[in-house]
Amino acid sequence: MKGMCSLKKKIHAKTILSVFAGIIAGIAIFAGGCIYVYNVCSDIPQQIYVVCNQDTTIDLNVPVVATADAGVDTSADLSKPFTVKADTTGDYELALKLFGIIPLPSVNVCVVDEKYLYPGGFQVGLYLKTEGIYVAGTGEFKDSTGNMVCPGMEAVQAGDYITAVDGSYINYELNKYIQTKKEEPVVLTVKRDSGIFDISVTPVRTDEGDYKVGIWVKDDAQGIGTLTYIDSDNNFAALGHGISANQSQQTLSINSGSLYNTRIVSIVKGQKGTPGEFIGTIDYKGVNRIGNIEKNSVCGVFGSMTKDMVNEYGITPVKVGFSQEVHKGKAYIRMYADGGFKDYEIKITGLSYSSDKNITLKVVSDELIDKTNGVVQGMSGCPIIQDDKIVGAVTHVFIDDPSCGYGIFIENMLPD
């Protein structure tokens with residue numbers, strides 16, 4: 001009997017182990033399936049641009065079957081190149097199924113007339129006024145008794161916008177207003193994400209005799225970047241990425257801004273671990289103002305020109321190349337240097353639809369390597385030209401290899 005009980009225990013243990021192993025295997029298969037589906041989705045653009053009345057060949061090489069609603073003549077296996085054609089402009093939905101069975105997020109097919117843009121490539125100065133007072137952070141300070149305090153820490157956090165103080169917007173520094181209040185409570189109207197709320201904070205007298213709440217703020221931002229394009233309506237796009245506060249990735253919400261002529265006085269070459277940069281001067285006099293900044297987004301800075309820079313620089317229009325036309329291989333970065341525009345050869349080494357870093361590139365032009373060692377800060381926004389079309393813009397440099405960088409598809413910088 002004792003031996004039989006021992007045998008039963010062994011059998012029972014084996015059963016538990018088998019069930020446990022089966023559960024682990026099931027979880028692994030499920031996780032692997034999820035990763036596979038994610039990778040497939042990453043290889044599919046959320047939106048495809050098609051030129052009206054033109055055959056467009058799309059080669060995604062994914063095991064997906066696509067069917068379209070009225071307006072776009074296609075039902076295709078996306079594992080092979082297929083051609084789509086539409087005779088009416090507008091947006092159409094492309095329904096997708098993995099292996100023809102599992103539904104995936106649909107793709108929007110945007111049918112447009114053939115587009116032309118005036119590629120930029122010249123550096124500009126940017127000045128932006130934030131939407132309210134931007135909170136860069138909070139910090140402790142010594143009060144009149146020597147204790148470390150920070151009353152603002154409970155009221156705001158980095159990334160907030162103070163849109164009003166005591167019910168009114170103030171057009172001078174918050175610190176100056178706090179000095180007039182001394183130790184009386186101050187009501188801050190705070191915008192955080194999509195919400196707005198009021199919160200009271202009481203200034204504290206410091207060991208130096210002034211008054212603080214421990215909030216670090218800023219209400220403007222400035223810098224040098226490159227203009228990407230100007231369209232036929234004199235609207236512009238620049239940078240290919242948004243302007244963020246300090247080193248954070250949060251894009252600043254802006255109230256207004258201006259574009260200025262700038263003069264590049266030197267170039268700091270990029271080194272491994274240290275990005276290079278353009279060193280320039282910006283004179284904020286009205287005569288140097290060339291545009292209004294109206295939008296700051298993750299895809300760039302946008303607005304309208306106030307001066308005719310197309311004729312001033314002698315720019316000619318080029319066709320827009322959409323994401324499905326971009327391919328690995330030879331392309332060019334267009335940049336204004338030494339008194340004229342030059343196209344510097346690059347190699348597109350990778351493509352992605354899953355983020356704003358759509359294009360991976362490597363500079364192969366000896367002339368540009370000699371000037372900059374590759375991609376440097378200030379080149380963000382330089383147009384990427386391939387097959388005589390503007391297909392993207394430079395956005396980032398590789399920290400560990402300045403000869404390499406990222407770019408964004410030009411379609412992501414087009415007006416909504």
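User: What makes a stretch of this chain a helix or a strand?

Analyst: Helices are DSSP runs of H or I with at least four residues, and strands are E runs of at least two. In this predicted model, the protein chain comes to four helices and 29 strands.

User: How do you know that Asn 358 is buried?

Analyst: Buried means under 20% relative accessible area. Asn 358 has a relative accessible area of 2%, so Asn 358 is buried. Its place is in the loop between strand 25 (340-351) and strand 26. Not counting residues up to four places away in sequence, Asn 358 touches Gly 350, Leu 351, Ser 352, Tyr 353, Gly 407, Ile 408, Phe 409 and Asn 412.

User: Why is Ala 158 called exposed?

Analyst: The cut-off for exposed is over 50%. Ala 158 has 52% relative accessibility and therefore counts as exposed. Ala 158 also lies in a loop, the one between strand 11 (148-149) and strand 12 (161-165). Leaving out residues up to four places away in sequence, Ala 158 touches Val 135, Ala 136 and Gly 137.

User: Why is Val 364 called partly exposed?

Analyst: Partly exposed covers what lies between buried, under 20%, and exposed, over 50%. The relative accessible area of Val 364 is 36%, so Val 364 is partly exposed. Val 364 sits in the loop between strand 26 (359-363) and helix 4 (366-372).

User: What makes Val 364 a contact of Ile 346?

Analyst: Contact means heavy atoms within 4.5 Å. Apart from neighbours within four places in sequence, Val 364 is in contact with Glu 345, Ile 346 and Lys 347. The C-alpha atoms of Val 364 and Ile 346 are separated by 5.1 Å, but the contact rule is about heavy atoms in general.

User: How many disulfides are there, and what is the rule?

Analyst: The count comes to zero disulfides. The rule asks for a pair of cysteine sulfur atoms within 2.5 Å.

User: Are Cys 150 and Cys 299 buried or exposed?

Analyst: Cys 150 has a relative accessible area of 13%, which means it is buried. Cys 299, at 19%, is buried because the limit is under 20%.

User: What makes a group of residues a nonpolar core, and which residues have the most contacts inside the largest one?

Analyst: The largest nonpolar core has 24 residues, and Leu 126, Phe 236 and Leu 259 have the most contacts inside it. Strand 9, strand 17, strand 18 (235-238), strand 19 (254-268), strand 21 (289-297), strand 22 (300-305) and helix 3 (309-313) each give two or more residues to this core. Strand 9 gives the largest share, four residues. Apart from this core lies another, of 22 residues, including Ala 331, Val 375, Val 391 and Phe 409.

User: Which residues lie nearest the centre of the second largest pocket, and what classes does its lining have?

Analyst: The second largest pocket holds about 420 Å³ of space. Its lining has 21 residues, and Leu 174, Asn 175, Ile 215, Trp 216 and Val 217 lie nearest the centre. The elements giving two or more residues to this lining are strand 9 (123-138), helix 2 (174-181) and strand 17 (215-230). Strand 17 provides the largest share, five residues. By class, the lining has eleven nonpolar, four polar and six charged residues.

Definitions and conventions. Residues are numbered from 1 along each chain as its sequence is written. This is a predicted model: local features need pLDDT of at least 70, side-chain atom pairs count only at pLDDT 80 or more; totals for chains, interfaces and linings use all residues. Side-chain values use heavy atoms; hydrogens and water are left out. On a 1 Å grid over the protein atoms alone, a cavity is a set of points where a 1.4 Å probe fits but cannot get out, and a pocket is an open set with protein on both sides within 12 Å along at least five of seven lines; lining residues have an atom within 4 Å of a point. Grid points are joined across faces, edges and corners, and a volume is the space filled by probe spheres set on the points. Ala, Val, Leu, Ile, Met, Phe, Trp, Tyr, Cys and Pro count as nonpolar, Asp, Glu, Lys and Arg as charged, and the others, Gly among them, as polar. Buried means under 20% relative accessible area, exposed over 50%, partly exposed in between (1.4 Å probe, protein chains only). A nonpolar core is a set of buried Ala, Val, Leu, Ile, Met, Phe, Trp, Tyr and Cys residues joined through side-chain atoms within 4.5 Å.
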